[in-house]
Amino acid sequence: MENYIAELNDAQRAPVLHKDGALMVIAGAGSGKTRVLTYRIAYLMYQGIDPFNILALTFTNKAAREMKSRIASIVGGSEAKNLWMGTFHSVFAKILRIESDKLGYPSNFTIYDTQDSQRLISSIIKEMGLDKDVYKYKQVQNRISSFKNSLITVKAYFNNPDLMEADAMAKRPRMGEIYNEYCERCFKAGAMDFDDLLLKTNELLTRFPEVLAKYQDRFRYILVDEYQDTNHSQYLIVKALSDRYQNICVVGDDAQSIYAFRGANINNILNFQKDYDNVTMYRLEQNYRSTGNIVKAANSVIEKNKSRLDKVVWTANDDGNLIKVHRSETDAEEGRFVASSIFENSMQHQMNHGDFAVLYRTNSQSRAIEDALRRKDIPYRIYGGLSFYQRKEIKDVLSYLRLIINPKDEEALKRVINFPARGIGQTTVEKLTVAANHYRRSIFEVMSNLDKIDLKIHGGTRRKLEDFVTMIRSFQVTNQNADAFQLAEQVAKQTGILQEFKKDGTPEGIARMENVEELLNGIQDFVEGQKELADAEGSLSEFLEDVALATDLDQDTGDDDRVALMTIHLAKGLEFPYVYIVGMEEDLFPSAMSMNTRSELEEERRLFYVALTRAEKQAYLTYTQSRYRWGKLIDAEPSRFIEEIEDHFLEHLTPPVSSGYRYKPMMDDDIFGPVDKSKFRTTKPKQGTPPSHHSPSPEKLKKLRKLRPDLGVPKSNMTDNQALNELEVGVKVEHTRFGKGEIVAIEGFGNDKKAEIKFDTGGIKKLLLRFAKLTIL
Ligand code: ATP
Ligand code: MG
């Protein structure tokens, strides 16, 4: 252990060795906060603290896994397995399953993902006969989410005239009713949405003192990474659990608080000292991640924010290169620049593709970058797009599986009741829904009792409904004797899903069928993997929970060598030698939606600080002079954030264009004001400054069309592209279940990359590489 302690500087060592009590580490980017947390856990274990008594909460499950493996390398693997580590959502979903009966939920409750919640909200809006242009489902969902994250229950809502008035002002007076109906429908469906996982945990800990006592006693040491982005609901959970022993260690950086729009509350950091007795504060100042130029440039940007804690960040690293700034005419050209630059850097400096990241403000910007990378055969991976599990065909199969586990799950049922088509029409489903709402039962229960209810459904349809119920019941019987893979395979075949895609015959249909097959492979791998663990059995519900809570980052096995494309929000906590921040333009970054108040603008600036501080060796800032947005070509101006960096840190690769913007400090003085005013953010539509729509001259348009030959062509799908990593044809591999074999073909790309493997046992199997657990021999 001493050797490991020597890997820390003095300032880091102090919080690691700190004895019991509350401690907080506030420090700038790259100063080793996450490292301190990791080593502190290892040190606690080294001192004899039982890992069962340690709870660590991280931003992604991937971060938790990495921390665990680091700790395992310090104190030994078997003990580290027993740590409670993960995101708030995954840790508390586990606890809720154990305690669900107290809240009236089945232990096999479904977790509704965002899509499920949105579908449910849409149908409620429709059933209530409301105007869907006024009651936009996404806005309604945001609003409900912010209620839940502020612990405003339906009852609390109706007791709060201010909230009701705010909704009435936003022309949505019936928000409360929707909220109520949404909660009831989720409950009836035995389902919790993401926010419920926190809300219900709070309810559990408040209503049941004996449960609280049990978990307070279990989690004697609690550690939280990225504390600046916890919301009120998470704050209360941490506070409640740590109240008895007060062994709480939080690390964070107020300058990296970037989730206020989702309810993150910076006051959680500011009030920490008031919340616990005898808090020890630690500061770290030395950045180990980035070059001198990057650190100094980032400091010069964040200094422009008024609302911040004073912090010093310096580095002993070399100054390194200047930050490179590049201007292009269009986003297609920007993409080409990024692709060529990655290519050149990887050649010149012998870098791997995994050493590069392209960061953007909004997901839609990835398209131009993707196109360019693809043309240069540079393998990449997009994080945060439509994940594998959200594809239609995958959700269809998963919905059957969810329904088998929890027949009350209405969103799952509605998805599959008539897929593949079995002659159960929309009118029938509506009749069933009305009856279900009337009797306060689930649709499946109504379907199982058709003989007792007069529904005016004629004999033919009635039989179809009965057949459906019988089919689901038979799957439930299978589920008792078979593992998740066997069941899923039976479902895919017997429901006719596979057949449906096959018969479709189009390339899309075939791709869908293959995806379903890959899902089955994935489930198979999961089952095998789980069986090796003592406390898991590879059950279907475990798989579904894993899927529901998996974020895109979690799917990253880290062993594939691809350029990472992601939004800045997702990049928090990560680091890459080369970072390209693209779309550095006014109205895009800072976003037009976030320039109404100073606090919004400051959040954008913090976002830029996060982006810049991801880079270890080299940062690039790129912008274009015109860009297609909302279907129109608009003139773009360089982002003010470029100008906010002191010029001597920049190297202009192209002649700079001034935005005409000069940084001027704003005069009003509401430090932390907007955060303090209310714990509650309303979601009333923001009056975003619309970007200027200068129509380009016909000449310019013509030129642009030449530059953008893809104009007007629909977004292309990923094409085949042999990824340049180690898994290639001819490589010998070993699979956990199928044994040894050789890769005979590779196809697909990114998330879809597949390998055809000829196994020594004789069989040839096609495996989706994101799932397949292969060892290279
Ligand atoms: P962020 O604010 O971005 O989350 P952080 O404060 O959590 O950053 P870490 O990710 O823990 O910082 O550390 C940044 C990098 O510096 C990592 O690569 C880490 O391994 C390295 N590092 C931290 N402390 C030391 C040290 N004492 N000696 C050598 N390397 C260090
Ligand atoms: Mg960190």
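Helix H8 (residues 137-149) and helix H11 (residues 175-188) pack with their axes 11 Å apart and at an angle of about 75 degrees. Axes here are lines fitted to C-alpha atoms, for helices over the stretch in contact, and angles run from 0 to 180 degrees between N-to-C directions. H8 and H11 are therefore roughly perpendicular to each other, a term for angles of 65 to 115 degrees. Val140, Arg143, Ile144 and Phe147 of H8 meet Met175, Ile178, Tyr179 and Tyr182 of H11; two residues are in contact if their C-beta atoms, placed from the backbone, lie within 7 Å. Seven of these contact residues are nonpolar, none is polar and one is charged.

This is a predicted model, in which local features need pLDDT of at least 70, side-chain atom pairs count only at pLDDT 80 or more, and totals for chains, interfaces and linings use all residues. Residues are numbered from 1 along each chain as its sequence is written, and chains are lettered from A and ligands numbered from 1 in the order in which they are written.

**A covered strand and its partners**

Five of the five residues of strand E10 (residues 356-360) are buried, that is, 20 or more other C-beta atoms lie within 10 Å of their own. In a regular strand the side chains alternate between the two faces of the sheet. Phe356, Val358 and Tyr360 point one way from E10, and Ala357 and Leu359 the other way.

| Partner of E10 | Sense | Bridges |
|---|---|---|
| E13 (residues 576-581) | parallel | four bridges |
| E12 (residues 563-567) | parallel | four bridges |

Val358 has Tyr580 of E13 as its bridge partner, while Leu359 stands opposite Met566 in E12.

**An enclosed helix**

Seven of the ten residues of helix H19 (residues 366-375) are buried, so H19 is largely enclosed by the rest of the structure. Its buried residues pack against helix H18 (331-348), E10, strand E11 (380-382) and E12. Just after H19, Asp377 takes a positive phi of about 60 degrees.

**An annotated site**

An unreviewed UniProt entry carries a "binding site" annotation whose residues include Ser31 and Thr34; such annotations may be inferred rather than shown by experiment. Ser31 lies in the loop between strand E1 (23-27) and helix H3 (33-46), and Ser31 is buried, with 30 other C-beta atoms within 10 Å. Thr34 belongs to helix H3. With 19 C-beta neighbours inside 10 Å, Thr34 counts as partly exposed, a class lying between buried and exposed (12 or fewer). Beyond four places in sequence, Thr34 is in contact with Asp225 and Gly573.

Definitions and conventions: Helices (H or I, at least four residues) and strands (E, at least two) are DSSP runs, numbered from the N terminus. Angles under 35 degrees count as roughly parallel, over 145 as roughly antiparallel, 65 to 115 as roughly perpendicular and the rest as oblique. Ala, Val, Leu, Ile, Met, Phe, Trp, Tyr, Cys and Pro count as nonpolar, Asp, Glu, Lys and Arg as charged, and the others, Gly among them, as polar. Two strands pair if DSSP finds at least two bridges between them.
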